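Subject: Structure handover

Hello,

Here is the structure you asked for. My notes on what turned up in it follow below.

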Amino acid sequence: MSKTIIIGGSAAGAAVAARLRRLDEHREITIYEKGPDVSYASCGLPYFVGGVLPSRQSLVVTPVKAFVGKYNVNVKTLHEVTAVSTENKTVTVKRLADNTVITDTYDSLVIATGASPFVPESIQGTSLPQVKTLRTIEDAEKIRQAVTTGNIKSVVIAGGGFIGVELAENLAHAGVGVTLVELKPEVLGIMDQEFGRLMTNELTRNGVDVRTGLGIKGFSTANEEDGEVLSVELSDGTEIKAGLAVMALGVKPNTAIVRGNGIELDSRGFIKVNQVFETSVRNVYAAGDNVTVNHLVTGNSVSSTLAGPAARGARIIANTIAGVDGASDFPGTSGSGIVKAFNLQAGITGFGEEYLSGTGLVKDRDYFTAFVSQKSHVAWFPGAGFLFIKGIFDKQNGRILGVEAVGSSSVDKIIDVASALILKKGTFQDLTDLDLSYAPQFNAPKSPLNMLGFTAENIFLGLENQVGVAEYLKIAEGRDKNPEADDGYYLLDVREPSEVTALRLPHFINIPLGTLRDNLGEIPKDKLVLITCAVGVRAWNAARILAGNGYRTTVLSGGSSMYSLYVK
Ligand SMILES: Cc1cc2nc3c(=O)[nH]c(=O)nc-3n(C[C@H](O)[C@H](O)[C@H](O)COP(=O)(O)OP(=O)(O)OC[C@H]3O[C@@H](n4cnc5c(N)ncnc54)[C@H](O)[C@@H]3O)c2cc1C
């Protein structure tokens, strides 16, 4: 009888075991898992810390006993694999209860060991008991216990990625003060800064003390009486007192046990696998946070430390081991991710503009961008949320390189549809052609993604130009500093005067759209006219009027609605 050993029993490992059993009733399958559970939901950990998920049990998708009953798998929890020999086809296992060591043999091996939190050695004091990480249920229990039963008043989170942001929201809900420290200029550094800024502002609005552009130098004990026993030194010399700190600075793969076995790793220690997740050693497979996979946009190998690719990789491994004929290979990942904190959702698929320009691509030569401000469903129906969406497209063939969205609802729909198009090498023309479902509660006859496609097409055809809010703020700052200098722009706001009174964008001159044709004489023809309105629609109409009268124009992306969330 063939025998499969799976190292690691959470997302990828448990999924391989379950499908493999469904495909092969008689194979011997053993999971070695160093923790006490298999099949648990890491993604729920921040919500357990914050009390949204009430108990440890709510994080365990299938308890060990039920897993064994359902799948007839040998589940060995609290068993750590300490070595692998691909030559002898053996694993060395330490039983953590009594440290006894056994050796087990396999015909096929699955390395589903995941990743561990990355804790830089350059940061002093990370071994202090008050400095935590969040990867396992036990980690979450410690943090939750400290904030609910200890006398901790505040927590410092290092890192403003998805986990740091989710944790900030949950700790704030748990009633402790939260300081979030992020090295990049805004949180959610995977997204472009204008979107990260909206999340930074949302956290700040909800009481999180966000310190961006700063790193953590070190931790030391503070000997305070009031529970704030940790002193956190930031890179600018500032000192923060806290009861606890959580490191959320990314992950490193758990692959030490396979080194020196002929299993090829990349320079960062991730396992290289082929399209069926087989490593460079035959019959040895790996999936999840410890591997690199093909990126659908660039064709490069990337680590994809997200649950979706882990689950799909597991299915393909089971198909391959069981010898299922004709099953699909793994095409790659689009790196789709989404996060919500307080009243804001943010998501990305493919790459943001800043990432792409960092790889040497040049705007308007290699790629172009389009930005739309939309509602989650038709504005006239109650409950419509706001949505800002940006697409990045190949300048030559219009292919979608990335889509980012931030809003109060429906961000998942935007990201998921865009991700499906990326999978099929879709273009902005495909966005214009999308035939999506519509009823007033759900969408609009011209859906937000149609609108992104229409705008991209206008830009591609040279009918429209856009300027981002950050660029406008630089123009405004230049005028504040040097009012006499000619920056080459005429700033035109085509909203109604009452809207301008409610929210004035510095340096814009107000000529409402309805009176624009009568006031063309006010606008100098030698300037580039930067036009704004509330979201961009009236500005686009104004741009066409002006273009028809010989003006050069550009539109402020997202108008005053984006500006208002960006500057506050
Ligand atoms: C707080 C948090 C929130 C997240 N939120 C999201 C989200 O919202 N969306 C999303 O897509 N992804 C999210 N993720 C990422 C997602 O959880 C991972 O991508 C996914 O769990 C990867 O699965 P895996 O099987 O590779 O690793 P894991 O789920 O980490 O499983 C690896 C298992 O291997 C075990 N193991 C390791 N080494 C050994 C050994 N030597 N011997 C025996 N056992 C071993 C570990 O104990 C662990 O149980 C989140 C992760 C965290 C930590």
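The shell around the ligand divides into 16 nonpolar, 8 polar and 5 charged residues. Please keep in mind that this is a predicted model. In total, 29 residues surround the ligand, and the closest of them are Ala12, Glu33, Arg135, Asp289 and Ala307.

The largest share, 3 residues, comes from β4.

Two backbone angles deserve a look. Most residues other than glycine have a negative phi. Lys89 is not a glycine, yet its phi is positive, about 55 degrees. Lys89 belongs to the loop between β4 and β5 (90-95), and with a relative accessible area of 29% it is partly exposed. Leu188, also not a glycine, has a positive phi of about 50 degrees. Leu188 lies in the loop between β11 (177-182) and α6 (193-205). Its relative accessibility is 1%, so Leu188 counts as buried.

Next, helix α5, which covers residues 162-173. With 12 residues at 1.5 Å a residue, α5 should span 16 Å; the C-alpha atoms at its ends are 17 Å apart, so the two values agree. Of those 12 residues, 9 are buried, and α5 is therefore mostly covered. The buried ones are Phe162, Gly164, Val165, Glu166, Leu167, Ala168, Glu169, Asn170 and Leu171. Gly175 follows α5 and has a positive phi, near 95 degrees.

Last, the cysteines. How many disulfides does the structure hold? The count is 0. Cys43 has a relative accessible area of 53%, which means that it is exposed. Cys533, by contrast, is buried, because its relative accessibility is 1%.

Regards

Technical notes
Residues numbered from 1 in each chain as written. Predicted model: local features only at pLDDT ≥ 70, side-chain atom pairs only at ≥ 80, totals over all residues. Heavy atoms only, no water. Disulfide = S-S within 2.5 Å. Buried < 20%, exposed > 50% of the residue type's maximum accessible area, 1.4 Å probe, protein only. Helix = DSSP H or I, 4+ residues; strand = E, 2+ residues; numbered from the N terminus. Expected span 1.5 Å × (residues − 1). Near = heavy atom within 4 Å. Nonpolar A, V, L, I, M, F, W, Y, C, P; charged D, E, K, R; others polar.
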